[in-house]
Amino acid sequence: MPTQQDYDVLIIGSGASGGMAAYTLTKKGIKCLMLDAGPNVDFQRERALKPVYDLPYRGLGDPGRLPHVIQANEFNANQWVDEKQVPYTHDSKEPYNWVRVRMLGGKSNFWARMSFRLSDFEFKAKDHDGFGENWPISYADLKPYYDQVEPIFRVAGRKEGWAQLPDGIFLEDDSPDSECVKRFNASATKLNVPVTKMRRATGKGPLASSLNLLLPDALETGNLTIVPDSVAREISVDKNTGLANGVHFVERHSKREMFAKARCVVLGASCLESTRLLLNSGLGGASGALGHYLHDQFYITQGVMASMPEARDGKGKRGMIGGGGYIPRFTNLIKGKPDRDFLRGYAMDFSTGGTPDAKYFPQYGAELEKTLASYRGTAISATIMGEALARYENHVTINKNVSDAFGIPVLNFQVKYTDNEFKMALDAKNTLEEICHGAGFDVLHASDKMYPPGYSIHEVGTCRMGDDPKKSVLNKWNQTWDVKNLFVVDGSSFVTSGPQNPTMTILSLSMRASEYLAEQLRTKAI
Amino acid sequence: MKRRRFFQSAIALPVGSALLAQEAVKPASTASVPVATPHPAPPTYGSANGSGMEYPKIETEGPDQASTPVLHFFSPAQYAALKRLSDLLMPSGGELAGALDARVPEFLDFYVGKSPVDRQDIYTAGLDLLNHQSTQKYRKPFADLNDSEAAALIAPAVRPWNYVAPADPLAHFLEEARREVRAATMNSREYLHAAASEPGARGGRGGRRQGGVGLYWYPLD
């Protein structure tokens with residue numbers, strides 16, 4: 001076991017990005033120390049099956065406990081970060097839903113597994129429509145890394161040959177579609193809306209996580225030491241060299257102050273925690289971009305709720321309904337010929353075969369129960385996921401007046417959606433309604449009202465990469481312009497997000513940056 | 001690291017197994033060691049496989065099964081209206097438990113009382129409006145209306161759900177009440193047990209969080 005003097009790289013965070021950094025670096029013989037703010041969870045010990053009536057609030061949840069985590073319920077409330085222990089602030093009229101997990105493996109233990117590649121519609125978005133900035137890399141630069149990441153996470157999907165959603169190294173999904181899905185697809189096709197199978201990481205066993213797919217291999221090399229319960233407070237810099245030389249952290253249980261030393265520091269603590277750490281350390285801010293351009297995908301989880309009439313009253317025979325699909329971006333794809341009154345586009349996923357929630361029916365009592373019995377297993381529902389534009393004015397800063405339970409100043413958010421997102425949402429809702437009507441489904445509900453920013457848990461952009469040190473925090477290798485042995489490998493490096501879920505891109509960027517860092521260490525350039 | 005893992009493993013072993021493990025690594029006895037006269041066998045307090053170390057599991061009940069909650073939040077008039085409304089939204093009938101069987105009004109007095117003020121206001125304003133409109137229309141409080149009178153009173157304010165909460169305070173209240181009275185009923189012990197005993201029921205009619213069983217996360221250590 002190396003002593004505390006021996007670490008080449010100190011990695012903050014153990015989720016998708018930190019885990020991939022450890023996976024890549026340790027295989028090249030680099031000694032790594034990984035700190036994570038949360039515990040090493042024993043999934044057998046920390047969870048148990050319980051009847052809902054044994055919960056204190058009958059499953060309705062502890063009122064007011066996690067006001068920003070719409071995903072929380074009374075069963076899983078303890079898996080999310082306690083907002084009282086680690087708070088944040090925002091204007092009451094402009095809420096931000098910062099959804100966090102602190103445990104080994106991070107959010108990769110719970111993600112929805114939707115696995116997509118970005119394309120040059122994102123990497124070179126400015127060239128396409130003039131808004132914002134291009135990434136300093138293209139799809140061709142990242143493709144070799146997607147090619148390596150997808151087999152690790154065992155991504156299933158169907159190849160389509162679409163430019164806006166590049167194919168990957170898939171476990172081929174050739175499962176048959178139900179009659180309901182075929183009708184949905186046929187109706188979409190008439191409207192020139194493409195549909196494919198969901199692209200999803202199948203993982204291994206119960207997880208598709210850093211915890212089971214990355215960290216075990218890294219530990220196997222003998223080059224990784226993991227210290228959980230370590231809340232990073234500040235990155236330390238050598239005054240003589242200007243280089244990062246370690247991290248001050250707080251032991252979670254005892255609140256003891258500790259210091260870990262290394263030759264290089266890699267941040268993979270999640271977009272906003274990495275940004276917070278840089279801001280609290282006074283690093284990475286020379287360009288003025290740090291903390292700015294916070295964006296994500298807006299979500300509308302019930303963009304449409306419809307019902308297949310032929311399946312009602314128990315008539316949904318085998319093969320009639322079930323399964324779903326994914327609609328990639330299909331708007332504004334031809335350069336110089338915008339086809340909507342907004343920039344960029346949205347994606348949607350849909351599923352069939354559930355039961356519409358009682359809230360969609362203006363009934364109660366026996367009448368409601370009778371209706372629900374009739375509609376059981378007949379639902380078609382869809383989620384809208386739209387690209388929010390990266391705008392300078394959407395940003396986080398440090399609120400020096402508020403600290404968390406560890407004495408660390410918290411983030412203040414100033415983020416809101418604008419007309420581009422609202423117009424996009426309306427277009428998506430109308431498209432879904434049109435598809436459902438065309439397929440002969442009864443539309444019970446359709447909405448263009450999105451959740452507050454942050455809900456998607458796809459926050460990116462606050463340490464954007466670029467070719468110009470005056471406009472970006474990181475160079476094209478996820479290396480900070482200001483401190484050359486400090487890297488940020490999570491979603492904060494994104495320049496644009498597209499409507500695709502970001503995890504495959506985060507993993508690929510982290511692998512690419514880590515290979516670069518390994519080479520820099522080997523050649524003693526760092 | 002390995003040293004710590006070893007101790008963690010040792011701690012995890014039952015005492016009996018740990019002792020057996022120690023026996024396994026003892027050096028073989030030599031001929032020069034005198035053989036002691038065997039002592040009488042010690043009394044047995046538990047079986048050799050460690051099962052005697054199991055802790056007892058005592059069957060208990062929740063407080064709702066053995067006692068009555070003390071009401072503290074709603075006024076008597078509001079509570080009476082809530083009770084009447086709960087029975088209207090989730091009536092007892094057939095073999096399934098209704099809201100009153102599941103003691104939903106008592107639960108909501110606690111639950112709403114613990115909620116943020118804006119949520120409390122939705123309930124108190126809504127219940128006051130029910131009583132006000134009932135008195136205006138029928139000259140008696142909502143609690144005293146029969147089913148058809150109560151249904152006629154709330155009919156204009158019962159609407160399908162939307163993301164945007166209704167501006168009408170009664171409609172807003174009824175949207176919340178319809179959802180929470182139903183959930184609190186279907187998630188009750190009374191409802192689950194009744195649903196599980198229905199002919200053809202497969203482990204309960206409710207879903208994962210509606211009368212069913214879920215994977216609960218304990219507070220992380």
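Me: Which strands of chain A does helix 11 lie across, and what is meant by a helix or a strand here?

Reply: Helix 11 (residues 419-438) of chain A lies across strand 13 (297-307), strand 15, strand 16 and strand 19 of chain A. Helices (H or I, at least four residues) and strands (E, at least two) are DSSP runs, numbered from the N terminus. The helix runs at about 20° to strand 13 of chain A; axes are lines fitted to C-alpha atoms, for helices over the stretch in contact, and angles run from 0 to 180 degrees between N-to-C directions. The model is predicted: local features need pLDDT of at least 70 and side-chain atom pairs count only at pLDDT 80 or more, while totals for chains, interfaces and linings use all residues. Residues are numbered from 1 along each chain as its sequence is written, and chains are lettered from A and ligands numbered from 1 in the order in which they are written.

Me: What makes strand 14 and strand 19 of chain A edge strands?

Reply: The open sheet has five strands in the order 14-15-16-13-19 (chain A), with antiparallel pairing. Strand 14 (323-327) and strand 19 (442-446) of chain A each pair on one side only, and these are the edge strands. From one strand to the next, the twist averages 20°.

Me: Why is strand 9 of chain A called mostly covered?

Reply: A residue is buried if 20 or more other C-beta atoms lie within 10 Å of its own, exposed if 12 or fewer, and partly exposed in between, with C-beta atoms placed from the backbone. Six of the eight residues of strand 9 (residues 230-237) of chain A are buried. Strand 9 is joined to strand 10 (residues 244-251) of chain A by seven bridges, and the two run antiparallel. They form a hairpin with six residues between them, and Gly242(A) in the turn has a positive phi of about 75°. Val237(A) has Ala244(A) of strand 10 as its bridge partner.

Me: Why are helix 5 and helix 12 of chain A called roughly perpendicular?

Reply: Helix 5 (residues 139-153) and helix 12 (residues 503-522) of chain A pack at an angle of about 110°, with their axes 9 Å apart. Angles under 35 degrees count as roughly parallel, over 145 as roughly antiparallel, 65 to 115 as roughly perpendicular and the rest as oblique. The two helices are therefore roughly perpendicular to each other. Residues of helix 5 that take part include Tyr145(A) and Val149(A), and those of helix 12 include Leu507(A) and Met511(A).

Me: How do you know that helix 4 and helix 6 of chain B are roughly perpendicular?

Reply: The axes of helix 4 and helix 6 (residues 117-138) of chain B come within 9 Å and cross at roughly 85°. That angle makes helix 4 of chain B roughly perpendicular to helix 6 of chain B. Ala81(B) and Leu85(B) of helix 4 are among the residues making the contact, as are Leu127(B) and Leu130(B) of helix 6.

Me: What makes the crossing of helix 5 and helix 8 of chain B right-handed?

Reply: A crossing is left-handed if the near helix is turned anticlockwise from the far one by less than a right angle, and right-handed if clockwise. Helix 5 and helix 8 of chain B cross in the right-handed sense. Their axes come within 10 Å and cross at roughly 115°. Val104(B), Phe107(B) and Leu108(B) in helix 5 meet Glu180(B), Val181(B), Ala184(B) and Thr185(B) in helix 8.

Me: How many residues of chain B are in contact with chain A, and what counts as a contact?

Reply: Two residues are in contact if their C-beta atoms, placed from the backbone, lie within 7 Å. By this test, 42 residues of chain B are in contact with 35 residues of chain A. Helix 8 of chain B gives the most to this side of chain B, with six residues. Strand 3 (residues 47-51) of chain A and strand 1 of chain B also pair in the antiparallel sense over five bridges, and Pro51(A) has Val213(B) as its bridge partner.

Definitions and conventions: Two strands pair if DSSP finds at least two bridges between them.
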